[in-house]
Amino acid sequence: MSATVKIHPFLQHLTNDLEKVEVQGGNVGEVLTELTGKYPGTTDWLFEKDGKINNLVEIYVNNESS
């Protein structure tokens with residue numbers, strides 16, 4: 001399944017200045033895995049060293065906070 005990830009302006013330099021990125025994934029984990037695979041620089045911003053999602057990251061699925 002395809003998903004559109006909206007990239008915060010502060011992080012767009014990590015996605016070649018793209019505001020939105022299309023990735024594949026059936027759930028949030030798969031989407032984040034593909035995003036970080038395409039744009040490895042996003043990993044350090046999205047995840048803590050222990051692999052948990054950074055507390056500052058906001059994830060919305062179908063415009064609802066999750």
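Author: Two strands pair if DSSP finds at least two bridges between them, and strands themselves are DSSP runs (E, at least two residues), while helices are runs of H or I with at least four, numbered from the N terminus. This is a predicted model, in which local features need pLDDT of at least 70, side-chain atom pairs count only at pLDDT 80 or more, and totals for chains, interfaces and linings use all residues. Residues are numbered from 1 along each chain as its sequence is written, and side-chain values use heavy atoms, with hydrogens and water left out.

Reader: How many bridges join strand 1 to strand 2?

Author: Good place to start! The two strands run antiparallel. In this pairing, serine 2 stands opposite glutamine 24 of strand 2. The number of bridges joining strand 1 to strand 2 is five.

Reader: Which residues make up the covered face of strand 2?

Author: In a regular strand the side chains alternate between the two faces of the sheet. In strand 2, Lys20, Glu22 and Gln24 form the uncovered face. The covered face is Val21 and Val23.

Reader: Which parts does the aromatic pair tie together?

Author: The structure holds one aromatic pair (ring centres within 6.5 Å, using the six-membered ring for Trp; planes under 30 degrees apart are stacked, over 60 edge-to-face, the rest tilted). Phenylalanine 10 and tryptophan 45 form it edge-to-face, at 5.2 Å centre to centre and 85 degrees between the planes. Phenylalanine 10 and tryptophan 45 are 35 residues apart in sequence, so the pair ties together the loop between strand 1 (2-6) and strand 2 (20-24) and helix 2 (residues 43-46).

Terms used:
Buried means under 20% relative accessible area, exposed over 50%, partly exposed in between (1.4 Å probe, protein chains only).
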